[in-house]
Amino acid sequence: MASKILTVYYSRKGQNYWNGSIVDLEKGNAETAAEFIQKAVGGALFEIDTTTPYPAEYKDCCAQAQKERQVKARPEIKNRLDSIDEFDVIFVVFPCWFGTLPMCLFTFLDQYDLSGKKIAPLCSHEGSGMGNSERDLRENYPNATVVEGLPVRGSQTSENEIKIAEWAKRFVQ
């Protein structure tokens, strides 16, 4: 039986840290990676968007993200799915912010029963790797199976389509 796949992502467009400097991106690195996953394994693609946008200025966004991390905030999101019952593999794609997922992804995941789901995290980063994201997913969703994630250097995301596709294919039938 073929896996039912959901790729959910949060991605930052605009100012991003990129190879030691701040650049403006039309499309965030996590969005690019999520599209590569969907191209490789199919399934549904779902973008998380916060009700209150993160600040456009990179340093201000970092300050807000750090505060949210410290208090384990669950920022309100604009969109949700009625159900994720039909999916058995959930790719969670995100930029690594202060060692973990942006808190808005926890907001999304908290809404659903993840029992029996396979969660495959992929993060874009500029040196932190996966950080604590796998551990944080396991601790917050103990009834799901969190598989080994894939860290991708954000500034090299577009060059890693094959690596991302091969990783994603390991978790679907």
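Biologist: Is phenylalanine 98 buried, exposed or partly exposed?

Modeller: Please note that this is a predicted model. Phenylalanine 98 is found in the loop between S5 and helix H3 (103-110). Its relative accessibility is 38%. Buried means under 20% and exposed over 50%; phenylalanine 98 therefore counts as partly exposed.

Biologist: What is the phi of phenylalanine 98?

Modeller: Phenylalanine 98 is not a glycine, yet its phi is positive. The value is about 55°.

Biologist: Where is lysine 72 placed, and what is its relative accessible area?

Modeller: Lysine 72 lies in the loop between helix H2 (58-71) and strand S5 (89-95). Phi of lysine 72, a residue other than glycine, is positive, near 55°. Lysine 72 is exposed, and its relative accessible area is 57%.

Biologist: Within what arc do the buried residues of helix H5 fall?

Modeller: In helix H5 (residues 161-169), Ile164, Ala165, Trp167 and Ala168 are buried. Seen down the axis of H5, these buried residues line one face of the helix, because they fall within an arc of 165°.

Biologist: Which residues are exposed on the other side of H5?

Modeller: The buried residues of H5 line one face of the helix. On the other side of H5, the exposed residues are Ile162 and Glu166.

Biologist: Against which elements do the buried residues of H5 pack?

Modeller: The buried residues in question are Ile164, Ala165, Trp167 and Ala168. They pack against helix H1 (29-41), S5, strand S6 (118-125) and strand S8 (150-153).

Conventions: Residues are numbered from 1 along each chain as its sequence is written. This is a predicted model: local features need pLDDT of at least 70, side-chain atom pairs count only at pLDDT 80 or more; totals for chains, interfaces and linings use all residues. Side-chain values use heavy atoms; hydrogens and water are left out. Helices (H or I, at least four residues) and strands (E, at least two) are DSSP runs, numbered from the N terminus. Buried means under 20% relative accessible area, exposed over 50%, partly exposed in between (1.4 Å probe, protein chains only). The arc is that of the directions from the helix axis to the C-beta atoms. Contact means heavy atoms within 4.5 Å.
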